[in-house]
Amino acid sequence: MTVTCDLAVGLFSQTFKRTPASQRLLPCTLSSLLFMAIGDVRADDIAASRENLTVTATRTEVPLSRLGGTVIDAEAILQPLPYSTLEVLNNVAGLHAFQKGGMGGSSYLSVRGGEPNYTLVLLSGVKVNDPANSQGGSFDMNQIDPAALSRIDIYRGALSAVHGADALSGVVNLQLRGFSDGEFFESARISTDTEAGRGASGSLGAGWNDGSILLSASWADSGDLTGASTQDRRQFIARLTQELGSVRSTATVLNGSSNRESFPEDSGGERLAANRELETVDAELTVVDLDFSRAEAGAIQPHLKASWNQQVADTDTPAIFPGVLDFVPAITADTEFERVDITADIGVQFSEMLSAVVGGSYVEEDGTSRGAVDFGVLIPAEFDIHRTLSSFFAEVTVAPIANFSATVGARYDDPSSHDSEWTSRLSLSWQPFENLPALYANASESYKLPSLYALAYPLIANPDLKPERSESVDAGLQQHFDNGTHVRLGYFRIRFEDVIDFDSNLFTNVNRAWAISEGVEAELHQPLGESVLLSLNATYLDLDAIDAVRLRSRPMWQGGVALDWNIDSRWTAFANLHYESGYYDSSIPTGLIETASHVTVNTGATVKLSPNFSLAVVLKNLLDEDYEQSVGTAAPGRMARLALTYLL
């Protein structure tokens, strides 16, 4: 047992050298108790395996779909040949996602009207939000190749009771691709498009009786897709799984880097920016994850997850010349953020009607920045900040009658920078009659610690900032039919409080009072015969904020319709239509304006050239719709993308 604790702590020893022994005791004690439990449980105990568990919505493994969540599988992710994962997420009810300022700009992902930094992003269960960046802790989706994903899990709503700080409006869990033990796997893909975009990726995997290995690498260049706003991206993934006695161990390493150029955010983009100098961002993400679980099924399932991630960005932002709004000075920043996260828990299946999970976690976060602000005279802008967070959590799921379950969770967090926090959640799922829709309801609360940037960046820092908070409720009806039909209709309401914003009069970050997001979501997946699937989704969003502030980039109406057609054993085809109503956006040249609504149509087909080769062709923006998702940056016009794939 000491070996397991020493392994987890030893790999992250540099962080623990700064940590008092009393705080280091939490992960060591929990991990020792967990893996002592492995030897004490008989092999014939009742329960399903929690192999390589990655938590999205619950720790007691209630299916995400029963709580109104969404799962996007690998086929749906790759079908439109997306350059960015945001292209896929923008077609999900309740989500608005796009590249703000073109392919070289920042990624924007809003769940149910929340700010992008209100969405917790996980990479196979590892938190990757960056609180040292100027976006207040959002994650740059540009750094993840969608071809590396096996699925995307999406939970809409506050969820600090499960994940601690950050999940104010939702959780998006990007699950990295894997394969079954005993398989041999290799694949390669090359792609190109009519805007000079190109890319290549390859994977190699092998499995044996008690383990497997996967290696994957990719590269992509956006070409001229959005004019002067460009990006190229590289990524490498290695994953090794091995059973060591009664313990299954999985080690994952990911390294991704990107180089981006674009006009600065709010500059007016290629159409309006008076200063034609481009912003450059060179970024790198590294994730190391160790996962230990019991190898066989059992009534008691211990789990230990230890991760480290580092995000480095070298940013050079030119000045934005004045227009309707005042000028913004040139800024340079070299930032580095590191997070160590150790989580240990024990799941117990008491019976078919009762299961529970208890555990704890320990997190260390370090952020540094070196740079300057150019007001005609260079003013240094540097910070170095450190904080820790110790947590305990518990969750119970009861299913006293058929087709009914209730999950209750609570969490205690003790951050070094602020007062301790208690958060809770309640989720219900009930199908009273077999042939009628099931009801689901969720009520939960969350908090988000002020970002390291907001607390420490010179000139605008405010160390007295309070955590942001949210309370969310949602409820709806949904039904799954044996023929593959799925329908969901839901209502949601989220209240955000102590919202952090920049006050130009005080020239510092402050807590605003509140904002409320309320709306309705609808989804339908309907087979039409044996070979055609019809999909519909729609979202209505109503926002109310203090002092009637116009929140940006939130369409009131959004939705789409899609057809997927399995023509025969060789050919498949698809077509989809996506609609967004106009929304408010702002730039220095224009001030606050309302963008125009738009409709885009995409279509494509895939043909198997041989048992191992397939060719996919996608036509994007078929109607050549002319629109802007951010002021001054034209969205891509009509273009074609082609990919040749080899799969063994």
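1. Two strands are said to pair if DSSP finds at least two bridges between them, and strands themselves are DSSP runs (E, at least two residues), numbered from the N terminus, as are helices (H or I, at least four residues). With that in place, β22 and β23 form a hairpin with 5 residues between them, and Gly-484 in the turn has a positive phi of about 100°.

2. A note on the basis of these remarks. The model is predicted, so local features need pLDDT of at least 70 and side-chain atom pairs count only at pLDDT 80 or more, while totals for chains, interfaces and linings use all residues. Residues are numbered from 1 along each chain as its sequence is written, and side-chain values use heavy atoms, with hydrogens and water left out.

3. Strand β21 (residues 438-448) pairs with strand β22 (residues 468-480) over 11 bridges in the antiparallel sense, and Tyr-447 has Arg-469 of β22 as its bridge partner. Between β22 and β23 there are 12 bridges, again antiparallel; Asp-474 is partnered with Phe-492 of β23, and Gln-478 with Arg-488 of β23. β23 in turn pairs with β26 in the antiparallel sense over 12 bridges, where the bridge partner of His-486 is His-525 in β26.

4. In β23, the covered face carries His-486, Arg-488, Gly-490, Phe-492, Ile-494 and Phe-496, whereas Val-487, Leu-489, Tyr-491, Arg-493, Arg-495 and Glu-497 make up the uncovered one.

5. A salt bridge here is a side-chain nitrogen of Lys or Arg within 4 Å of a carboxyl oxygen of Asp or Glu, and a search of the whole structure finds 32 of them. Buried means under 20% relative accessible area, exposed over 50%, and partly exposed in between (1.4 Å probe, protein chains only). Arg-488 is therefore buried, with a relative accessible area of 1%, and Glu-523 counts as buried at 10% relative accessibility. Salt bridges that share partners join Arg-112, Arg-156, Asp-474, Arg-488, Glu-521 and Glu-523 into one network.

6. Glu-521 is buried, with a relative accessible area of 0%, and Arg-112 is buried at 4%.

7. Another salt bridge brings together the side chains of Arg-339 and Glu-365, at 3.2 Å from N to O. This pair links distant parts of the chain, with Arg-339 in strand β15 (residues 330-351) and Glu-365 in strand β16 (residues 354-374), 26 residues apart. Both Arg-339 and Glu-365 are buried.

8. An open sheet of 5 strands has the order β1-β6-β7-β4-β5, with mixed pairing. Its edge strands are β1 (70-73) and β5 (126-127), each of which pairs on one side only. β1 is joined by 4 bridges to strand β6 (residues 149-156), and the two run antiparallel; Thr-70 has Ile-154 of β6 as its bridge partner.

9. Patches are made of residues with over 30% relative accessible area and no salt bridge, with like charges joined within 9 Å and nonpolar side chains (Val, Leu, Ile, Met, Phe, Trp, Tyr) within 5 Å; accessible areas come from the Shrake-Rupley method with a 1.4 Å probe, and for residues only the protein chains shown count as cover. Phe-184, Leu-204, Trp-208, Ile-213, Leu-215, Phe-236, Leu-240 and Leu-648 form a nonpolar patch with about 700 Å² of accessible area together, to which β9 (198-208), β10 (211-221) and β11 (230-244) each give two or more residues. Ile-213, in strand β10, is partly exposed at 33%.

10. Lys and Arg count as positive and Asp and Glu as negative, while His and the chain ends are not counted; the place of a charge is taken as NZ of Lys, CZ of Arg, CG of Asp or CD of Glu. On this basis, Glu-261, Glu-277, Asp-282, Asp-314, Asp-316 and Asp-334 gather in a surface patch of negative charge. Asp-316 is found in strand β14 (residues 300-317) and counts as partly exposed at 35% relative accessibility.
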